[in-house]
Amino acid sequence: MAATPEVAIPTLDWLLNSEHQLVSVITQPDRPAGRGRALKASAVSEWARVNEIPCFKPETAAETAALIDGVDVLLTIGYGVLLPETILNIPRNGCLNLHFSLLPRWRGAAPVQRAIEAGDLITGVTVFQLDAGMDTGRIYSVKRFALDADITSDELFVELGVLGVEAVEDSLNAIRDGVRPQPQTNEGATRAKKISKEECEIDWSLDAQAITQKVRAFTSLPGAWTRFRGEIIKIDSVRITEQRLEIGSLHTADKELVVGTGTQAISIGFLTPAGKSRMDAKSWLNGARISEGEIFG
């Protein structure tokens with residue numbers, strides 16, 4: 001299995017206790033993280049260490065090819081490395097990917113975030129056979145998940161990580177039983193582009209619904225943000241109110257922080273000021289001591 005993020009762990013836990021043999025885990029090399037930029041292992045690497053599963057961190061396609069020679073299936077979940085076509089045919093039954101959308105909708109790097117940002121009412125997971133395209137391979141299994149109106153990307157990753165276990169199990173059973181995957185249509189295909197920091201800046205002139213979708217989509221990484229007194233501040237846990245305020249203007253009542261948008265004002269639940277820890281809006285207001293006429297943005 002080739003995986004990097006925490007969302008892969010439910011499937012790893014299931015594989016460990018299933019009839020299948022988890023030969024090894026492949027993950028990305030340790031990366032600098034935090035203010036000290038110390039090397040940090042991936043969530044999957046830590047899982048492998050705790051569960052005493054062989055873990056490898058190849059840096060070339062040749063190294064990866066050697067590691068998967070002779071395996072039945074290579075399952076990938078958020079691995080973060082584009083596998084060359086020469087790799088895809090090495091496993092006896094090819095390479096599968098657990099993708100966190102209902103393909104062909106949201107092909108690409110950020111399907112969970114893009115589904116929330118777009119206001120989708122339903123999403124899910126898809127297990128498909130990797131080919132040379134971008135998430136275009138034949139489909140083994142699809143599982144659907146209805147989205148709550150206030151769900152964040154952090155919460156949705158947890159839900160889909162669990163749901164993905166069912167899709168992986170169905171797909172491996174299909175391979176065992178000789179069931180062929182179904183061709184994937186291009187009708188309705190959309191692209192889930194990688195998220196940039198720049199697009200996470202909140203445009204307070206948008207309508208309140210679009211802003212709340214954006215905040216929930218980008219919580220907690222990379223995080224929706226705005227500026228206050230020249231400093232960047234991240235915003236999360238927002239709620240649409242019935243109030244109407246000037247765009248970007250700040251209003252406080254009973255220690256509640258409300259910000260004007262292009263439509264209804266938005267109540268802010270939590271913020272993360274630059275260089276500080278996440279805090280509730282009441283605590284932030286106590287320290288910020290905002291004045292009349294101050295704005296976000």
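Trainee: Where does E52 sit, and how do you know that?

Mentor: E52 lies in the loop between helix 2 (43-50) and strand 5 (55-56). Helices (H or I, at least four residues) and strands (E, at least two) are DSSP runs, numbered from the N terminus. Bear in mind that this is a predicted model, where local features need pLDDT of at least 70 and side-chain atom pairs count only at pLDDT 80 or more, while totals for chains, interfaces and linings use all residues. Residues are numbered from 1 along each chain as its sequence is written, and side-chain values use heavy atoms, with hydrogens and water left out.

Trainee: Why is E52 called exposed?

Mentor: Buried means under 20% relative accessible area, exposed means over 50%, and partly exposed is in between (1.4 Å probe, protein chains only). E52 has a relative accessible area of 71%, so E52 is exposed.

Trainee: What is the phi of E52?

Mentor: About 55°, a positive value, although E52 is not a glycine. S237 also gets a mention here: its phi is near 55°, positive in a residue other than glycine. S237 is found in strand 13 (residues 231-240).

Trainee: And what makes S237 partly exposed?

Mentor: Its relative accessible area is 38%, so S237 falls in the partly exposed class.

Trainee: Let's do charges. Why is the contact of K57 with D30 called a salt bridge?

Mentor: A salt bridge is a side-chain nitrogen of Lys or Arg within 4 Å of a carboxyl oxygen of Asp or Glu. For K57 and D30 the closest N and O atoms are 2.6 Å apart, so the pair meets the rule. This pair links distant parts of the chain, 27 residues apart: K57 is in the loop between strand 5 and helix 3 (61-68), and D30 is in the loop between strand 2 (25-26) and strand 3 (31-33).

Trainee: How exposed are those two?

Mentor: K57 has 29% relative accessibility, so K57 counts as partly exposed. D30, at a relative accessible area of 30%, is partly exposed as well.

Trainee: What makes E46 and R49 a salt bridge?

Mentor: Their closest N and O atoms are 3.0 Å apart, so the pair qualifies. Both residues lie in helix 2, three residues apart, about one turn of the helix. E46 is partly exposed at 34% relative accessible area, whereas R49, at 56% relative accessibility, counts as exposed.

Trainee: How do you know that E256 and R239 form a salt bridge?

Mentor: The closest N and O atoms are 2.5 Å apart, so E256 and R239 meet the rule. The pair links distant parts of the chain, 17 residues apart, with E256 in strand 15 (residues 256-259) and R239 in strand 13. E256 has a relative accessible area of 26%, so E256 is partly exposed. R239 is partly exposed at 45%.

Trainee: Which residues do salt bridges with shared partners join into one network?

Mentor: R114, E117 and E199.

Trainee: How many salt bridges does the rule give?

Mentor: The count comes to 11.
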